[in-house]
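Let's take a friendly walk through this model, starting with charged pairs and then turning to nonpolar packing.

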Amino acid sequence: MLPTRVKFAYAVVFCVTSIMMFASYISAKYSDNRANNALTIVKIENRIALDLNYLNLPDDFLKHSGSKDMVLNYIEQLNSQLSASDVFVYSIEGISEYPARADLIVKQLHTPQKSLSVSFVVDSSIFEKNDIVVLILVFGFAGLFTYLLFLSERTKIKIAKHTPDVEKHTQLQPKLIVDLKSKTLSANCDTEKTVALANKPLCFYLALVEFCVENPDVILNQNKDVPEELLALANKYFYRLVELGHTIRKRPNFTNSLEKTLSEIRAALDEVWQELPEIKDTYYPPKAHGEGSRSRLHHYGLKGITLDDIEVIGK
């Protein structure tokens, strides 16, 4: 069942198509009739010019009254030959048997013998009985066109439903967005949900990502000192926060309370990837499991992350 607005749209298409097709037909017919009528009038003028010597027309200069009956009979003969056209002769030199009318086309016919006026009437009606057949055909073609348009649109919709939207799929590839201006984390597939993160864990996490991308083989263990390169990166992001105008009293010590810093990072990531927990492993600093020798082997670095997995705003 089609929605009402869709039905209305196809009804408009049908009506507009019908009107345009029938209007084109009437316009072409009118132009053709007008040209044919003009040609017919020229032919009649030529015929009268050739028959002028045989017409007993009145002549005021010679004081000859002529023969009105002969002229009327001649007009009748002309009109009998013009029965299939839209033109008929109304009068020659004012002689006519028809009632007076205002839609006459008056022509001045000039011959070597004399000049005379000939009046014509042209049937200006546009619509004829045969046009009903044309109108029915127009409705048929318009209906067929509308139906084919409907089938085409329905096919496009079916194809669109079964064809993956590559652009949409690309846009929804999970990516972590870190905004240094607002000090928040969010996912590109849910930008309305943002999670605030404090200065220390924010700077340390960005440094951790960059360090792990550049040094994938380095093992980061909480029982060992934080590498100087990692600390330098964390300080770099801290100074960037200062440049962005955040109120910061002193630079934090990134070597102290490392487990607390990692816990805050994990908590923020848990909230960001709440709807996509399977994505979290890429961004999540692993937790230590077990005690003793097992915990000493723990590596809190990010193993599979790349620079394409994260977007830093304000970097």
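Are Lys29 and Asp131 buried or exposed? Lys29 is buried, and Asp131 is buried too (buried means under 20% relative accessible area, exposed over 50%, partly exposed in between, with a 1.4 Å probe and protein chains only).

## About the model

This is a predicted model, in which local features need pLDDT of at least 70 and side-chain atom pairs count only at pLDDT 80 or more, while totals for chains, interfaces and linings use all residues. Residues are numbered from 1 along each chain as its sequence is written, and side-chain values use heavy atoms, leaving out hydrogens and water.

## Salt bridges

The structure holds seven salt bridges (a side-chain nitrogen of Lys or Arg within 4 Å of a carboxyl oxygen of Asp or Glu). One of them joins Lys29 to Asp131, with the closest N and O atoms 2.9 Å apart. This pair links distant parts of the chain, 102 residues apart: Lys29 sits in helix H1 (residues 4-51) and Asp131 in helix H3 (residues 130-162). Helices here are DSSP runs of H or I with at least four residues, strands are runs of E with at least two, and both are numbered from the N terminus.

Glu259 and Arg266 also meet in a salt bridge, at 3.2 Å from N to O. Glu259 counts as partly exposed because its relative accessibility is 35%, whereas Arg266 is buried, with a relative accessible area of 3%.

## Nonpolar cores

The largest nonpolar core has 41 residues (buried Ala, Val, Leu, Ile, Met, Phe, Trp, Tyr and Cys residues joined through side-chain atoms within 4.5 Å). Leu176, Phe204 and Tyr300 are among those with the most contacts inside it. Helix H5 (199-214) is one of the elements giving two or more residues to this core, and H5 gives the most, with 10 residues. Apart from this core lies another, of 20 residues, including Leu57 and Ile92.
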